[in-house]
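Subject: Structure handover

Hello,

Please find the structure below, with the sequence. My notes on it follow.

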Amino acid sequence: MKQILSGNEAIFRGAIRAGATYFAGYPISPTSEILQQAALYSEEESRFRFLQAEDEIAAAIATISASLAGVKSFTATSGPGFTLMQEALGWGHVVEAPCVFVNSMRVGPSTGMPTQPAQSDLLQVKGGSAGDYYPIAFYPNSVEESFRLTVTAFNAAEESLSPIILLADAFLSHLYEIVDLDVIETEVIPRTKESLGRGRRLFTGTAHDKSGNVKTSDPANYREWLRELKERHFRVAEKYPLYEYLPCKNSETLLIVFGITSRIVSPLKERFSVFRPIRIYPVLEREMKEVAASYRHIIVVEGNDGQYASWTEWAIGRKVLKVPCLGGGFKFQWIQSQIEERLKEER
Amino acid sequence: MIDRSYKELLKMRRFPHTWCPGCGIGAVLKNVAMGLKELGLDYQNTAIVSGIGCSGRMGGYMNFDAVHTPHGRALTAAGAIKTARPDLKVVVLSGDGDLGAIGGNHLLHTSRRNPDITVFCNDNEIYGLTGGQAGPTTPKGTKTITSPRGEMYPPLRLGKILTAQTPYFFARTTVYHLNHFKACIREALLYQGFSFVDIISDCIELNGRRQGFKTAHQMFKWFDERFHVVEGVRDHLEDDELGIAKKEAEVEVKAGAKPEMEEKPEILEEDLKHYTIEELSHVDGSEGRPIFIGYKGKIYDLSSSPLFQGEKRMRCHIAGKNLTKDMEAAPHGEDLVLKFPVVGRLKE
């Protein structure tokens with residue numbers, strides 16, 4: 001059945017398709033609709049449990065704890081809430097809890113400009129919690145893709161045994177499009193991790209060995225643990241090298257865009273080649289390098305002051321041009337003029 | 001013979017444990033394990049959740065699936081686990097700093113939601129693991145390394161906070177008043193809903209010594225001076241009282257409607273365990289066992305009586321006996337016995 005759905009609704013439906021039965025959240029624009037949907041759905045479906053927590057710290061901890069208890073769980077928030085969730089994200093990686101964190105970005109830092117869209121939480125996604133860990137993050141650009149990628153995120157969570165981050169932005173969350181979810185086929189990976197109450201394990205954020213004994217002063221044990229975690233996460237990330245590449249004949253310039261910016265610059269695809277990373281982190285290093293090799297100019301258009309641009313420079317090993325769309329300013333004409341200006345400066 | 005079967009619930013190969021000699025956490029771990037064992041709780045039907053701090057390490061010594069959360073988040077984790085797996089008994093083991101300070105917001109809201117979880121708070125009135133900084137329950141005036149002139153602020157009154165909204169179960173006990181301590185653990189584990197046991201415990205190395213105590217036992221004596229046991233179930237506990245405060249949810253009265261009385265499940269006579277005189281004589285309060293007495297064919301549990309706490313427990317001459325005949329000679333009436341819980345029947 002065709003229907004008009006928002007990005008937020010599609011994310012929620014995607015989670016249900018993936019088999020999620022637990023949601024914890026705290027009201028925040030622009031993802032409050034997901035919380036509302038969860039509340040309504042828990043009335044209809046008794047298997048589905050929902051918690052409106054006292055803050056995002058509790059929402060995130062509850063999401064991970066429910067996952068340890070054996071259910072597929074998720075939470076949704078925006079930048080300031082995502083900051084509060086960083087503690088739990090670090091914990092979730094160490095206790096190996098498969099779950100999904102949705103972060104729909106708005107202008108920051110702090111409260112920022114509620115609720116203007118932005119794409120400025122990339123660094124927070126990569127390493128907002130203490131220590132070394134290797135998160136996997138996806139970023140759709142349409143309502144239908146929000147649905148598909150939510151399922152993908154749940155699958156990647158089961159495979160990597162970690163919280164997966166699904167990015168969105170205030171535009172995408174409130175973007176309404178016509179979709180037919182019934183015809184979208186998805187593969188769902190079931191839960192395999194054993195739930196609580198079956199063993200004598202210790203799920204701890206403290207460094208530990210394989211049998212759950214705390215090891216607070218054993219560098220060799222830590223190195224081995226981190227190596228395994230890193231290997232597993234990169235192996236799962238490799239399984240999802242998601243991107244979209246639209247080459248344009250005779251173009252010497254490649255635009256790198258993602259999420260809502262990719263929708264806004266789409267009229268320019270007649271003039272420029274476009275590369276859209278969907279797996280935002282780990283960075284699509286090899287793929288980007290291959291694509292970028294045949295272009296003279298690389299321009300990253302993004303809703304922050306060059307976060308992905310610096311990752312791109314690191315990945316392809318050369319300078320890129322930046323068009324930062326700050327303060328929620330995503331006007332097409334402005335972006336177009338900025339691109340022209342950057343190219344003029346280069347000539 | 002002391003019943004040592006509780007040791008099945010502990011990871012004995014991980015001993016000796018990490019805590020200092022004289023620390024009260026050992027007593028908490030042991031008695032909670034005994035309480036769990038007594039009620040038939042094990043790794044297949046129970047999950048342990050702990051926070052950060054010395055007390056948070058308890059989960060790692062137990063033969064259960066244990067979740068060791070970030071600092072302060074034990075209650076949130078426990079609530080979510082109970083929601084996702086209602087079949088599991090969920091027990092939280094943590095400390096005053098974890099539950100009262102960094103986890104304070106979660107304490108307010110988890111208790112408000114009243115999930116069926118049991119919380120044992122090792123309340124040693126100090127941040128022990130980090131070296132002895134003042135904690136949320138440190139009494140005013142106490143000198144610690146972060147309150148060199150004495151703690152400036154009054155302590156957090158856990159008992160007042162947790163009895164502000166019904167329904168509630170709040171118990172305060174100490175690691176010294178052993179029988180009372182055991183009775184509180186048992187009652188809390190049996191309670192349906194959010195039950196919180198504030199266990200006044202000692203940290204001799206990082207709190208006691210700075211205050212001039214030479215041994216853990218001196219701190220126990222100090223607990224005995226500061227607190228006294230009150231009998232039966234109360235609505236509220238004063239700050240110096242040890243006991244159980246419990247209240248059912250207030251029934252909302254809609255205009256024009258009669259309040260519905262909730263039916264309390266009655267304990268049926270045939271469900272009670274039968275004791276012979278011989279069996280009864282073993283439950284005499286010695287070696288940490290409860291104090292049972294027989295009276296008119298029934299067995300009463302006197303463990304929570306203030307008359308039999310601390311060292312007096314050992315001198316309790318009536319424990320483990322059938323006192324039906326003795327009552328006539330006693331200077332008091334039978335009402336003194338009848339107010340204690342009936343735990344069994346006496347085989348004549």
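In chain A, 74% of the contacts with a separation of 6 or more are between residues 24 or more positions apart; two residues are in contact if their C-beta atoms, placed from the backbone, lie within 7 Å. In chain B, 68% of the contacts between residues at least 6 apart in sequence join residues at least 24 apart.

This is a predicted model, in which local features need pLDDT of at least 70 and side-chain atom pairs count only at pLDDT 80 or more, while totals for chains, interfaces and linings use all residues. Residues are numbered from 1 along each chain as its sequence is written, and chains are lettered from A and ligands numbered from 1 in the order in which they are written.

The two chains

Chain A has 13 helices and 16 strands; helices (H or I, at least four residues) and strands (E, at least two) are DSSP runs, numbered from the N terminus. The radius of gyration of chain A is 20 Å, close to the 20 Å from the globule rule for 347 residues, so chain A is as compact as a globular protein of that length. That radius is taken over C-alpha atoms, and the globule rule is 2.2 Å times the number of residues to the power 0.38. Along the principal axes, the C-alpha atoms of chain A fill a box of roughly 65 × 50 × 40 Å. Of the 347 residues in chain A, 52% are buried. A residue is buried if 20 or more other C-beta atoms, placed from the backbone, lie within 10 Å of its own, exposed if 12 or fewer, and partly exposed in between.

Chain B has 11 helices and 12 strands. The C-alpha atoms of chain B fill a box of roughly 60 × 60 × 40 Å along the principal axes, and buried residues make up 47% of the 348 residues in the chain.

Domains of chain A

Chain A divides into domain 1 (2–239) and domain 2 (244–346), with bounds from an automatic or database domain assignment. The centres of the two domains, taken over C-alpha atoms, are 27 Å apart. Contact between them involves 25 residues of domain 1 and 20 residues of domain 2. On the domain 1 side, the elements giving two or more residues are strand E6 (113–117), helix H6 (122–127), strand E7 (137–138), strand E8 (163–169), helix H8 (170–173) and helix H9 (219–239) of chain A. H6(A) gives the most, with four residues. The residues on that side of domain 1 divide into 19 nonpolar, four polar and two charged. Here Ala, Val, Leu, Ile, Met, Phe, Trp, Tyr, Cys and Pro count as nonpolar, Asp, Glu, Lys and Arg as charged, and the others, Gly among them, as polar.

A:Asp121 is in the loop between E6 and H6 of chain A. A:Asp121 is buried, with 26 other C-beta atoms within 10 Å. Beyond its neighbours within four places in sequence, A:Asp121 is in contact with A:Gly79, A:Phe82, A:Asn103 and A:Met105.

Where chains A and B meet

The contact between the chains takes 32 residues from chain A and 28 residues from chain B. On the chain A side, strand E2 (22–25), strand E3 (49–52), H3, helix H5 (86–95) and strand E10 (202–204) each supply at least two residues. H3(A) provides the largest share of that side, six residues. The chain A side divides into 16 nonpolar, nine polar and seven charged residues.

E10(A) and strand E2 (residues 65–68) of chain B pair in the parallel sense over three bridges; two strands pair if DSSP finds at least two bridges between them. A:Leu202 stands opposite B:Ala66 in E2(B).

Nonpolar cores

A nonpolar core is a set of buried Ala, Val, Leu, Ile, Met, Phe, Trp, Tyr and Cys residues joined through C-beta atoms within 7 Å. The largest has 183 residues, of which A:Val100, A:Leu166 and B:Ile81 touch the most other members. Helix H3 (residues 56–68) of chain A gives this core its largest share, nine residues. Leaving out residues up to four places away in sequence, B:Ile81 touches A:Ser65, A:Leu68, A:Ala69, A:Leu196, B:Ala47, B:Val49, B:Leu88 and B:Val90.

Regards
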